[in-house]
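I opened a new notebook page for this structure. My plan was to look up a few places and write down what I found.

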Amino acid sequence: MTDLLTISGLTVRFQLRDAVVEAVTDLDLTVRPGELLAVVGESGCGKSVLAHALLGLLPANATVTGRAHLADGPVDLLRCGEKTLAKTIRGRRIGLIPQSPATSLTGVRRGRRLLAETLKAHGRDPGLADHVAEQAGLDPADLHRYPFELSGGMAQRLATALALAGEPPLLIADEPTGGLDRPLVEHTLDLLRSRCDGGAAVLLITHDLAAAERVADTVAVMYAGRIVEHRAADEFFRGPGHPYSRGLLNALPDREFRPIAGHPPMLTALPEGCAFAARCDRVTAACARRPTGTVACHHPLTGAEVLA
Ligand SMILES: Nc1ncnc2c1ncn2[C@@H]1O[C@H](COP(=O)(O)OP(=O)(O)OP(=O)(O)O)[C@@H](O)[C@H]1O
Ligand code: NI
């Protein structure tokens, strides 16, 4: 099947006064219709920057290179300019559930009006507001509130409803379960899954590997701005290939509940070789060269040692 989204060589740099932040480097990804791709990795590894780059939402100190295309459009999302993105892409072709919607949902309109106007802007019946809120797990009775009157979890669900309003074929959900308690987490994940089962694609950005395990078809692991492993979810959860992936899985409460020692490197001073080497128990002299491949490691895990 043709890919819905194709990203090649995506690289994002932020210019600071006296340093450059290498936020995303040479990232290739594809997402098919009906696929739920989970992008996982520790805080600061570039997940939100990836989402914002695709939607033209990065601040002025960012430089973006590479290419990103939707299957049905000739435009390069990274080059097409604000007007095209605002008119034809954001909300319509690609919906975004932003991270921390409590801070991004501002304005003086009540939830119902916000949602009704968004539906109308996408050519849908504004009367569907209550229905779409319910789909997102938000009690329609809470739509009379202003954004600043919403709890973090309610704002999260309103943001989800707003992203669903345009029925975009691709939904990017950046930590969509933040601030939600367990039943609502599951409701939101199942909602994303049902979007995919209806033919849409979802790029789910999450810290929560248990969430990814519940719903993802494929998993991409980011470390220090690069994808270090990308494969089918069932294979990944059975036997990750990258030592970093194994570390993430072993940190889960129902596995070893043991966090990975140490910290990711500074994105302003990345090593030339493998960025994970300083934290890795398999490091050798070979790791001074940058590893490549779908498991970007000179000493990937195999067979029995995988979850040892
Ligand atoms: N405008 C900016 N200027 C400089 N650096 C930035 C800017 N925006 C983001 N960064 C840096 O880019 C890196 C990646 O940030 P990003 O928000 O993508 O992380 P993340 O993986 O989404 O983390 P989290 O899981 O905490 O949301 C971080 O080191 C961050 O500090
Ligand atoms: Ni983020």
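Predicted model: local features only at pLDDT ≥ 70, side-chain atom pairs only at ≥ 80, totals over all residues.

Residues are numbered from 1 along each chain as its sequence is written, and chains are lettered from A and ligands numbered from 1 in the order in which they are written.

Entry one: strand β5. I looked up residues 94-97 and found both faces covered. I94 and L96 are buried on one side, G95 and I97 on the other. Buried means 20 or more other C-beta atoms within 10 Å of a residue's own, exposed 12 or fewer, partly exposed in between; C-beta atoms are placed from the backbone. Strands (E, at least two residues) and helices (H or I, at least four) are DSSP runs, numbered from the N terminus. β5 pairs with β6 (residues 170-174) in the parallel sense, over four bridges. DSSP must find at least two bridges for a pair. I saw L96 opposite I172 of β6.

Entry two: positive phi. E167, not a glycine, has a phi of about 45°. I placed E167 in the loop between α6 (152-164) and β6. E167 is partly exposed, with 18 other C-beta atoms within 10 Å. A224, also not a glycine, has a phi of about 50°. The loop between β8 (218-223) and β9 (226-232) holds A224. A224 is buried, with 24 other C-beta atoms within 10 Å.

Entry three: ligand 1. I noted α1 (47-54) among the suppliers of its shell. The largest share, three residues, comes from α1.
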